[in-house]
Amino acid sequence: MTQPRQRKGIEGRIVGIAAAGAVLLGGAGVWAYVQSDGSGTDGKSGAAHRPAAAKVDPGIVHASDRAGQSLNITIDDGPDPKWTPKVLDVLKRQGVKAVFCMIGPQAKAHPELVKQVVAAGHRLCDHTISHDIGMGKKPDAYQSEQILDAQKMIEDAAGGAEVEYYRAPGGAFTPYSRQLAADHGMRPLGWNIDSKDFERKGTASIENTVRNEIRKGPTVLFHDGGGDRAQTVEALEHLLPWMKQQGYGFGFPQR
């Protein structure tokens with residue numbers, strides 16, 4: 001678990017950054033929260049928060065920090081008071097650590113769950129304020145608000161623990177958002193295997209999707225928020241032991 005970083009209340013330091021080459025990700029199941037009205041959580045549009053002490057690579061990461069045959073388990077759209085504890089329980093019993101990509105207002109509403117995630121040795125990821133899958137087409141100021149206000153909410157809820165990754169809703173990364181996240185200590189995080197658990201087609205469907213795509217790459221996407229996740233919990237119960245039987249270990253995405 002990383003140590004809390006000192007937060008410097010600096011506003012108005014968001015600079016538009018031009019970079020070539022947008023990175024495309026495969027389609028993912030997404031669902032929209034009520035979108036922001038354009039004002040930041042502090043009442044200022046696109047308000048900036050403290051920059052990170054050290055910048056990270058702005059490239060979208062998929063690779064694991066663990067050598068050998070390894071997987072990164074990532075859990076999106078929480079925390080949720082019903083499903084996050086169940087996911088945490090499965091992970092604990094299986095001895096697996098994961099990255100939890102959290103929605104800012106959800107983290108603010110359930111700080112006890114954020115602290116449980118951190119205390120269990122999992123890592124935090126910024127998944128924006130509104131889960132707006134169209135944010136890649138919005139102004140830079142809007143992207144700044146979505147990313148930086150969510151980072152502050154999650155870190156405040158966690159008691160200061162660092163948010164180490166940023167995952168754009170639906171993979172809607174832009175050169176600007178990737179660089180902004182990196183400048184604030186968050187590595188942009190992609191995925192290789194989408195479990196499609198958001199479709200709720202049954203536990204067997206989730207399991208078959210992951211089993212069939214396991215060789216696509218190390219980072220696997222599940223959800224603990226956005227609806228009924230009973231099928232996800234059951235699928236994790238079966239998939240994590242199966243992954244171990246296939247010779248996989250578990251790490252975190254590289255930073």
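**Group meeting: helix α5 and its surroundings**

The buried residues of helix α5 pack against α4, β4 (163-166) and β5 (187-188). Buried here stands for under 20% relative accessible area, exposed for over 50%, and partly exposed for what lies in between, with a 1.4 Å probe and protein chains only. Contact stands for heavy atoms within 4.5 Å. Helices (H or I, at least four residues) and strands (E, at least two) are DSSP runs, numbered from the N terminus.

Colleagues, a word on the source. This is a predicted model, in which local features need pLDDT of at least 70 and side-chain atom pairs count only at pLDDT 80 or more, while totals for chains, interfaces and linings use all residues. Residues are numbered from 1 along each chain as its sequence is written, and side-chain values use heavy atoms, with hydrogens and water left out.

Let me continue with α5, residues 175-183. Eight of its nine residues are buried, so the helix is largely enclosed by the rest of the structure. The buried residues are Pro175, Tyr176, Ser177, Arg178, Leu180, Ala181, Ala182 and Asp183. Just after α5, Gly185 has a positive phi of about 85 degrees.

I turn now to α4, one of the partners of α5. How do the axes of α3 and α4 cross? The axes of α3 (residues 111-119) and α4 come within 8 Å and cross at roughly 75 degrees; they are lines fitted to C-alpha atoms, for helices over the stretch in contact, and angles run from 0 to 180 degrees between N-to-C directions. The two helices are therefore roughly perpendicular, given that angles under 35 degrees count as roughly parallel, over 145 as roughly antiparallel, 65 to 115 as roughly perpendicular and the rest as oblique. On the α3 side, Pro111, Val114 and Lys115 meet Ile154, Asp156 and Ala157 of α4. These contact residues divide into four nonpolar, no polar and two charged. In that count, Ala, Val, Leu, Ile, Met, Phe, Trp, Tyr, Cys and Pro are nonpolar, Asp, Glu, Lys and Arg are charged, and the others, Gly among them, are polar.

Within α4 (residues 140-157) sits Glu155, which is buried at a relative accessible area of 2%. Glu155 and Lys115 stand 40 residues apart in sequence, and their C-alpha atoms are 9.6 Å apart in space.

Next, the backbone. Most residues other than glycine have a negative phi, and most peptide bonds are trans. Lys196 is partly exposed at 31% relative accessibility, and Arg200 is partly exposed at 42%.

At α1 (residues 83-94), Gln94 has its place in the helix. Gln94 is buried, at 18% relative accessible area. Beyond its neighbours within four places in sequence, Gln94 contacts Leu240, Pro241 and Lys244.

Finally, the chain as a whole. It holds seven helices and eight strands, and 55% of its 255 residues count as buried. Of the contacts with a separation of 6 or more, 82% join residues 24 or more positions apart.
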